[in-house]
2 protein chains.
Amino acid sequence: MLEYKDKHYYCPVELTMDLVGGKWKGVIIWYLKDSTMRYNELKKKITTISEKVLIKELRSLESDGIVSRKVYPEVPPKVEYSLTPYGKTLIPIFELISKWGNKHVELYGTLKE
Amino acid sequence: MLEYKDKHYYCPVELTMDLVGGKWKGVIIWYLKDSTMRYNELKKKITTISEKVLIKELRSLESDGIVSRKVYPEVPPKVEYSLTPYGKTLIPIFELISKWGNKHVELYGTLKE
DNA sequence: CGGTATCCATTCGGATACTG
DNA sequence: CAGTATCCGAATGGATACCG
């Protein structure tokens, strides 16, 4: 039995999926893979996510040490999100996931404009 | 823009996470990695999943060609679940995920009995 | 044994309005 | 710009009982 942040998991796959699984976290990590992004940039890229959910996912990733949030004390405000060095250890995983998804579309899906 | 089963995705990571992400699918795939399992075996292994959710996830994985369901016409009934050859192409991904989870526990979590 | 059906509480998630 | 606050319907998830 594994324990992290007062939650119990019986296998490491379950734990990882709890931290970076779900509908959006992988996509966020994927966008931050090679560049820092501002809040609004992410929002524009991931058009189908709501603001509420985006900020919730970012906070969650931040609290697990995967994403870092840097605030510039300017007006208008500027906040940049990026992967921490620890978050970057996830990149190989999402590289495989991305490749698998591409292949899946080739085999069973379609590409639209 | 990607399309699969009438759903739209704007990146392959999103698609893959939709198919095998979520709280339970990874764990199910992980258990089926090296052996066929009966419904009740899975239920006993993944103690914290409800029957309803387990069957829903299995059906979903089946409909995406990842898991196959074999019914033996016996009394009492016997149903075996296993990974299809296509489902096995996911194993390298979950191997990385499992390793990452183990490391995460070493660094930030604890191991209980 | 391998599921369904049902009920119900909780959470998720989208839309919109507002603020420092 | 980068969020918060609020409303509210939809979807999820657990527990239990029941069935072929």
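Lys33(B) and Asp34(B) join their side chains in a salt bridge, 2.9 Å from N to O, where a salt bridge is taken as a side-chain nitrogen of Lys or Arg within 4 Å of a carboxyl oxygen of Asp or Glu. This is a predicted model, so local features need pLDDT of at least 70 and side-chain atom pairs count only at pLDDT 80 or more, while totals for chains, interfaces and linings use all residues. Residues are numbered from 1 along each chain as its sequence is written, chains are lettered from A and ligands numbered from 1 in the order in which they are written, and side-chain values use heavy atoms, with hydrogens and water left out.

Back to that pair: Asp34(B) is exposed at 60% relative accessibility, whereas Lys33(B), at 21%, is partly exposed. The cut-offs here are under 20% relative accessible area for buried and over 50% for exposed, with partly exposed in between (1.4 Å probe, protein chains only). Side chains of opposite charge can pair when their charged atoms come close. Over all chains, the salt-bridge count comes to 10. One of them links Asp64(A) to Lys5(A), at 2.7 Å from N to O. Asp64(A) sits in the loop between H4 and strand E4 (67-72) of chain A, and Lys5(A) in the loop between strand E1 (2-4) and strand E2 (7-9) of chain A, so this pair ties together parts that are 59 residues apart in sequence. Helices (H or I, at least four residues) and strands (E, at least two) are DSSP runs, numbered from the N terminus. Asp64(A) is buried, with 8% relative accessible area, but Lys5(A) is partly exposed at 44%. In chain B, Lys78(B) pairs with Glu80(B) in another salt bridge, with 4.0 Å between the closest N and O atoms; Lys78(B) is partly exposed at 22%.

Of the atoms of DNA strand C that come within 4 Å of the protein, 61% belong to sugar and phosphate. H4(B) gives the most, with four residues. By residue class, the surface has eight nonpolar, three polar and seven charged members; Ala, Val, Leu, Ile, Met, Phe, Trp, Tyr, Cys and Pro count as nonpolar, Asp, Glu, Lys and Arg as charged, and the others, Gly among them, as polar.

As for the two protein chains, chain A superposes on chain B by a rotation of 180° with 0.0 Å of shift along its axis, at an RMSD of 0.0 Å. That is the relation of a two-fold axis. Within chain A, Gly22(A) comes closest to the rotation axis, its C-alpha lying at 2.4 Å. Leu96(B), in helix H6 (residues 91-108) of chain B, is partly exposed at 28%. Beyond its neighbours within four places in sequence, Leu96(B) is in contact (heavy atoms within 4.5 Å) with Pro92(A), Ile93(A) and Leu96(A).

Technical notes:
Near = heavy atom within 4 Å. Least-squares fit on C-alpha atoms with pLDDT ≥ 70 in both.
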